[in-house]
Amino acid sequence: MRPLLSFQYENEHNGLKKALLPKKIYYQPQKNKKNIKNQNHVNGLKKIIIAIDAGHGGQDPGAIGYQGLQEKKITIKIALQLNKILKKNKIFRTILIRNNDSYLSMKKRKNIINKNYADFLISIHADSSQIKRISGISIWMVSDERMRREIQNYLDQNKDIICFSENIKKIFQKNKYDIYLKKTILDLQFNNFRKMEIDISRRMLQQFKKITNLHKAHPNYASLGILSNINIPSVLIETGFITNVVDEKKLQTKNYRNKIANCIYLALNNYFQKTVKLK
Ligand SMILES: [Zn+2]
């Protein structure tokens with residue numbers, strides 16, 4: 001569900017074939033074309049593909065709490081739970097960027113997101129601070145400045161990005177050297193992505209505040225690499241401060257982690273149910 005144009009991903013499976021990582025780490029492509037169509041469609045409508053990025057992993061533990069809790073262990077558990085809930089709803093298909101304790105570079109993560117034509121990316125993290133009393137959840141989006149830079153880099157290199165929607169890909173191929181047209185389309189698309197990110201973030205914050213305190217009451221902006229794909233709207237959730245005794249204890253409980261996953265799910269479902277009407 002991308003806001004700018006009517007998106008039809010006729011060649012979704014081509015992206016899957018070219019994916020870079022071992023099969024076990026993410027969505028396994030099916031050989032049968034009919035199966036692919038069934039997986040990606042429900043009642044003739046394309047499913048919403050949510051990429052779930054569990055932060056850190058492998059040799060990168062992320063932040064470490066005072067009681068020794070590692071961020072990577074929290075992020076994967078919330079990601080797996082979110083995946084489980086989303087899969088129960090037929091309008092969604094999920095891409096787990098990692099489903100075990102493996103290390104993935106930023107480049108690999110971004111490749112998986114792109115090659116699977118994700119419609120929305122949720123990156124899950126836990127925060128840390130030298131000030132122990134700081135606690136609560138926050139949501140982050142890529143800064144305007146970073147996104148402008150990413151768009152400009154793309155235009156300067158004049159490279160084809162295979163994972164644009166079919167409609168945008170066609171326009172870009174026909175107008176390869178028309179930088180202004182391409183920039184206009186990318187800027188418009190980014191504006192629409194931003195509206196979508198803000199809308200979904202607000203819905204998430206509404207849910208989160210029912211279960212815990214918010215570190216920041218509004219979505220925030222930063223130059224974050226994982227959120228810098230020019231063709232995919234994305235948000236990063238800091239699920240609590242691992243350096244805060246209370247948050248660390250909460251993050252260690254299955255009950256709290258499941259509540260966080262559920263809040264994310266409810267926000268996504270509310271947003272996409274509004275835009276996708278199933279027969
Ligand atoms: Zn992190």
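Q: Why is strand β6 described as largely enclosed by the rest of the structure?

A: In this predicted model, 5 of the 5 residues of β6 are buried, so the strand is largely enclosed by the rest of the structure.

Q: Which residues of β6 point one way and which the other way?

A: S138, W140 and V142 point one way from β6, and I139 and M141 point the other way. All of these residues are buried.

Q: How do strands of a sheet pair?

A: The general idea is that they pair through backbone hydrogen bonds, either parallel or antiparallel. Here β6, residues 138-142, is joined to β7 by 3 bridges, and these two strands run parallel. With β8, residues 234-241, β6 also has 3 bridges, but this pair runs antiparallel.

Q: Which residues stand opposite each other or are bridge partners in these pairs?

A: Towards β7, M141 stands opposite Y221, and V142 has A222 as its bridge partner. Towards β8, the bridge partner of S138 is E238.

Q: In what order do the strands of the open sheet lie?

A: The sheet has 6 strands, in the order β4-β3-β5-β8-β6-β7, with mixed pairing. Its edge strands are β4 (92-96) and β7 (220-222), each of which pairs on one side only. On average, neighbouring strands are turned by 30 degrees against each other, direction ignored.

Q: What describes two packed helices?

A: Two values are used in general: the angle between their axes and the distance between the axes. In this structure, helix α5 (residues 144-157) packs with helix α7 (residues 179-211) at about 150 degrees, and their axes are 11 Å apart. Angles over 145 degrees count as roughly antiparallel, so α5 is roughly antiparallel to α7. The crossing of α5 past α7 is right-handed.

Q: Which residues of helix α4 are buried?

A: In α4, residues 106-115, the buried ones are R109, K110, I112, I113, N114 and K115. After this helix comes Y117, with a positive phi near 50 degrees.

Q: Which residues have the most contacts inside the largest nonpolar core?

A: That core has 62 residues, and those with the most contacts inside it are I50, A51, I52, I97, A118, I122 and I264. Take I52: leaving aside neighbours within four places in sequence, its contacts include A79, L82, I97 and I122.

Definitions and conventions
Residues numbered from 1 in each chain as written. Predicted model: local features only at pLDDT ≥ 70, side-chain atom pairs only at ≥ 80, totals over all residues. Core = buried A, V, L, I, M, F, W, Y, C linked by C-beta atoms within 7 Å. Buried ≥ 20, exposed ≤ 12 C-beta atoms within 10 Å, placed from the backbone. Contact = placed C-beta atoms within 7 Å. Pairing = 2+ DSSP bridges. Helix = DSSP H or I, 4+ residues; strand = E, 2+ residues; numbered from the N terminus. Axes fitted to C-alpha atoms, helices over the stretch in contact; angles between N-to-C directions. Parallel < 35°, antiparallel > 145°, perpendicular 65-115°, else oblique. Left-handed = near helix turned anticlockwise from the far one by under 90°.
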